[in-house]
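Hello,

Here is the structure I promised to pass on. Please have a look at it first, and then read my notes below.

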Amino acid sequence: MGFSFWWILKVFSGLSLIFYTLGKTYYTETPIAWNKLFFFQCLILIGATVSLVHYQIFKKQKIRFSDPHQLVHSGGLFRWIRHPMYLGDFLIMAGFGGIANDKIGILFVILGWISLGIQCKIEDRLLGKQFGEAHQLWKSHTRLLFPGLF
């Protein structure tokens with residue numbers, strides 16, 4: 001499958017957001033209340049957990065992201081969505097964006113979310129081509145990124 005422009009932009013936006021937020025909170029006082037800070041930190045932890053758990057599912061089944069030999073469609077959130085690791089990325093970006101709490105942070109979040117959504121669709125099309133009917137069946141009862149929504 002290889003790296004696409006959108007995947008690289010997603011990674012760049014996410015890392016930029018993380019370093020921007022960490023730098024901002026290290027050198028200045030965090031401009032949000034502790035309860036909001038706690039909420040956004042929870043989003044980051046939940047997102048990281050979702051990503052790592054689903055990474056382990058791939059690793060356990062010996063799936064290579066660059067050339068998957070089977071369609072992973074069970075375990076974890078795969079029952080409801082087709083890209084749970086990207087859902088984890090989405091939550092992590094939301095958490096860091098909320099902590100940054102300014103226009104630059106929101107810009108990185110929006111850029112990251114747009115590239116993440118486009119990359120999800122690209123990967124979904126590639127999986128559809130590679131796994132045909134099995135992917136179509138899975139696609140018929142799951143969502144791309146958010147259970148019941150998108």
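Rings of Phe, Tyr and Trp (its six-membered ring) count as a pair if their centres lie within 6.5 Å; planes under 30 degrees apart are called stacked, over 60 edge-to-face and the rest tilted. Ring pairs of this kind join F58, F78 and W138 in a cluster, and the whole structure holds 7 aromatic pairs.

Before the rest, a word on the source. This is a predicted model, where local features need pLDDT of at least 70 and side-chain atom pairs count only at pLDDT 80 or more, while totals for chains, interfaces and linings use all residues. Residues are numbered from 1 along each chain as its sequence is written, and side-chain values use heavy atoms, with hydrogens and water left out.

Now to F90. Its ring and that of W113 have centres 4.2 Å apart and planes at 15°, so this pair is stacked. F90 sits in helix α3 and W113 in helix α4, 23 residues apart (helices are DSSP runs of H or I, at least four residues, and strands runs of E, at least two, numbered from the N terminus). F90 is buried, with a relative accessible area of 17%, whereas W113 is partly exposed at 31% (buried means under 20%, exposed over 50%, partly exposed in between, with a 1.4 Å probe and protein chains only).

F90 also pairs with F146: the ring centres are 4.8 Å apart and the planes at 80°, so this pair is edge-to-face. F146 lies in the segment after α4, so the pair ties together parts 56 residues apart in sequence.

Best wishes
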